[in-house]
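Me: I have a model open and want to go through it piece by piece. Can you take my questions as they come?

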Amino acid sequence: MVARSPDPYDILGIKPGASAEEMKSAYRVALRAAHPDMGGSPERFALVQRAWKEISGPSSLPTGSSRVPSTHRETSWMVRSPSPGGSASGGLKSYGHPGGWFRELYGRQVRSWWGLGSTPENIFDPAIIDQVPPEIRHTLDAAIAEEATATALAELGPPFVVWHDVLVEGDRSSAVSKIDHVLLGPSLLWAIASENWGSAVHIVRGELVGEGIPGTQKPWASLWSQAKYFPKSLGVKVSALAYVVPDDHAQEDVALIRLKRGIPCYLVRQSAVCELVTGDTPATSRSLVGDDLFPVREKLSAGIRFV
């Protein structure tokens with residue numbers, strides 16, 4: 001008796017005749033669940049890839065971060081950034097210094113505000129922090145928010161790579177435009193901002209508003225502009241955006257701020273950021289499923305500059 005080959009549609013959990021978007025969505029979910037570092041096995045991982053190849057054709061089979069590592073711990077297939085500061089926590093590859101620029105900027109602001117010749121010995125002394133003007137305190141709060149998001153993202157596994165404090169334009173001697181976290185996963189490239197405006201924020205007509213957000217600031221518009229400008233020089237496209245805030249500053253775990261040109265932007269609680277980037281929430285038209293992720297990582301690793 002000849003053993004019957006597994007049905008590729010059954011493996012992906014879809015029915016014959018499913019749309020291309022339904023197929024891609026099912027494949028992303030199945031691929032994540034089957035990855036050895038996400039609780040699956042190399043055998044199941046390979047089976048999911050074969051099922052996708054049978055259904056969509058050989059040219060659509062992703063490579064790069066979709067490859068099965070030789071062991072659960074080895075990740076030699078992942079390109080290491082030439083920039084200093086790379087580290088692995090829980091398997092995640094992490095580069096850059098989250099919160100580093102804003103901590104340095106906070107120091108400059110405190111010393112300028114304090115006055116020449118009388119710089120406090122410890123600018124992070126709670127007594128000093130309590131005295132500084134709100135706009136300077138916000139700089140430190142933003143740095144701490146970035147560090148908290150980086151800690152949360154460190155729980156992700158080897159399929160993910162993150163770069164922190166990524167320079168978009170400018171330099172330290174003048175104004176700096178940056179993306180707090182650039183996260184590459186198995187199917188999406190994220191541009192993530194971390195913030196703490198000191199109070200709750202809300203979504204009004206596709207923008208973030210709140211008592212702590214100055215009326216002249218447009219958080220979504222700012223992140224959209226940065227994410228649009230940043231990848232042009234690298235030849236890659238951002239898939240989705242997110243604003244991460246303290247848990248008590250958002251009404252729900254994840255909320256859509258706006259969808260523009262197929263790119264969604266979400267407001268997400270800090271405790272839910274990993275669930276967002278590993279889940280199937282993003283309704284993006286820029287999924288990397290079907291792309292070769294190895295050259296994408298190479299372009300990012302070679303082209304990203306840190307603040």
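**Working through the model**

Reply: Start with Pro159, which sits in the loop between H6 and strand S3 (161-170). Keep in mind that this is a predicted model.

Me: Is Pro159 buried or exposed?

Reply: Pro159 is buried, its relative accessible area being 3%.

Me: Back up a bit. How many helices and strands does the protein chain have?

Reply: There are nine helices and ten strands in the protein chain.

Me: What share of the residues counts as buried?

Reply: 50% of the 307 residues in the protein chain count as buried.

Me: What about contacts, how many join residues at least 24 apart?

Reply: The figure is 62%, taken among contacts in the protein chain between residues at least 6 apart in sequence.

Me: Helix packing next. At what angle do H4 and H6 pack?

Reply: Helix H4 (residues 100-114) packs on helix H6 (residues 134-153) at about 165 degrees, and their axes are 8 Å apart. Since angles over 145 degrees count as roughly antiparallel, that makes H4 roughly antiparallel to H6.

Me: Left-handed or right-handed crossing?

Reply: The crossing of H4 past H6 is left-handed.

Me: Which residues meet there?

Reply: H4 contributes Phe102, Arg103, Leu105, Tyr106, Gln109, Val110 and Trp113. On the H6 side the residues are Ile136, Thr139, Leu140, Ala142, Ala143, Ile144, Glu146 and Glu147. By class, the residues of this contact of H4 with H6 are ten nonpolar, two polar and three charged.

Me: Where is Asp165, and is it buried or exposed?

Reply: Asp165 lies in strand S3. Asp165 is buried, with a relative accessible area of 3%.

Me: Which other residue has a positive phi although it is not a glycine?

Reply: Arg205 is one, with a phi of about 50 degrees. Arg205 belongs to the loop between strand S6 (201-204) and strand S7 (207-210).

Me: Is Arg205 buried or exposed?

Reply: Arg205 counts as exposed, because its relative accessibility is 78% and the cut-off for exposed is over 50%.

Me: Cysteines. How many disulfides does a search of the whole structure find?

Reply: The search finds zero disulfides.

Me: And Cys265 and Cys274, buried or exposed?

Reply: Cys265 is buried at a relative accessible area of 0%. Cys274 is buried too, at 19%; buried means under 20%, so Cys274 at 19% falls inside that limit.

Me: Last one, Met23. Which helix is it in?

Reply: Met23 is in helix H2 (residues 20-34). The Met23 residue is buried, with 14% relative accessible area.

Me: What is Met23 in contact with, leaving aside neighbours within four places in sequence?

Reply: Met23 is then in contact with Ile14, Ala18, Trp52 and Ile55.

Me: How far apart are Met23 and Ile55?

Reply: Met23 and Ile55 are separated by 8.7 Å, C-alpha to C-alpha, and are 32 residues apart in sequence.

Methods
Residues are numbered from 1 along each chain as its sequence is written. This is a predicted model: local features need pLDDT of at least 70, side-chain atom pairs count only at pLDDT 80 or more; totals for chains, interfaces and linings use all residues. Side-chain values use heavy atoms; hydrogens and water are left out. Axes are lines fitted to C-alpha atoms, for helices over the stretch in contact, and angles run from 0 to 180 degrees between N-to-C directions. Helices (H or I, at least four residues) and strands (E, at least two) are DSSP runs, numbered from the N terminus. Angles under 35 degrees count as roughly parallel, over 145 as roughly antiparallel, 65 to 115 as roughly perpendicular and the rest as oblique. A crossing is left-handed if the near helix is turned anticlockwise from the far one by less than a right angle, and right-handed if clockwise. Contact means heavy atoms within 4.5 Å. Ala, Val, Leu, Ile, Met, Phe, Trp, Tyr, Cys and Pro count as nonpolar, Asp, Glu, Lys and Arg as charged, and the others, Gly among them, as polar. A disulfide is a pair of cysteine sulfur atoms within 2.5 Å. Buried means under 20% relative accessible area, exposed over 50%, partly exposed in between (1.4 Å probe, protein chains only).
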